Every structure is written in C-alpha cells, then in structure tokens.
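Hi,

Here is the structure I promised to pass on. Have a look, and my notes follow below.

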Amino acid sequence: MFSGERAFSGFSVDDIDSAREFYGEILGLDVEDDPMGFLNLRLPTGAHILIYGKQGHQPASFTILNFPVDDVEAAVDDLNARGVVTKIYTDPDYGTDAKGISRGQGPDIAWFRDPAGNVLSVLKVD
C-alpha cells in the first residue's frame, strides 16, 4: 500500500567526491557513503536526501534545498567565510544586496550553489 511515511528526496551531481566535500566538510552536514556509490545526506530533522552522480548532469533550474536560519546575514557571513559564494544573482528582479541577500520580497533569503551548480538557500524563518 502507498504511504509517504518513508519518503525522501534526491538530486543529481556531476561529481560525488566534490559533493561529499562540499556538503560534508564545507557545510558541515552529515554525509554517508551508500553501498551503491551514492551519498546519503542526513539532516538534523531525521530526514535524508539521496545525492547521486549522473552522467550529463544538468543543474536544477530551481532551489533544491533550503536551510531555514534565524539570521540570514550571519548565515551568509558564515558561508562566505567557508568560501561559499552567495552573490549568484545579479538580475534586479531578485533585489539582492552586495552579499547576495534579497530583502523585503518575502522572507530574507540568499542563494548559493553546490559544486554541481545546484541552487541552495538560507532563508529567514520566524
């Protein structure tokens, strides 16, 4: 019978080793190797995300993973100190400041990319 009880999400990357380093070492998340050569990204909530290598990978054209934070500016400063670039949009429609933070158009949010070009974000939650 269908049940969403054990559902999980996944996304592709072009290089598993680069993904392991980025998510595990740079972002400091819990990353486990899967026996099939995939990565399991374990989130503090208990959820997990499958990261798999894909030949001919094309980065998602949307935000694949959001990290809610209390203070976007502090999160951006922390990410920038780790070498993560948060100024990825220059289009005026996004209204980002010099740090890449969009303010006043919904929750404060800043986007960044993983080594495979997938878009992630940190956003303010109350």
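R20 and D33 pair up in a salt bridge, with their closest N and O atoms 2.7 Å apart (salt bridge here: a side-chain nitrogen of Lys or Arg within 4 Å of a carboxyl oxygen of Asp or Glu). R20 sits in helix 1 (residues 16-26) and D33 in strand 2 (residues 30-33), so the pair ties together parts 13 residues apart in sequence. Helices (H or I, at least four residues) and strands (E, at least two) are DSSP runs, numbered from the N terminus.

Before I go on: this is a predicted model, where local features need pLDDT of at least 70 and side-chain atom pairs count only at pLDDT 80 or more, while totals for chains, interfaces and linings use all residues. Residues are numbered from 1 along each chain as its sequence is written, and side-chain values use heavy atoms, leaving out hydrogens and water.

The structure holds nine salt bridges. Another one joins R42 and E32 (3.0 Å, N to O), linking strand 3 (residues 39-42) to strand 2 across 10 residues. Then there's K99 with D77, at 2.7 Å between the closest N and O atoms. K99 is in the loop between helix 2 (72-81) and strand 6 (101-102), and D77 is in helix 2, 22 residues apart. Salt bridges with shared partners join E73, D77, D97, K99 and R103 into one network.

Last, S12, in strand 1 (residues 9-13): its side chain makes a polar contact with that of H57 (2.7 Å). Polar contact means a pair of N or O atoms within 3.5 Å; within protein, one must be able to donate a hydrogen and the other to accept it, and residues adjacent in sequence count only if both atoms are side-chain atoms.

Cheers
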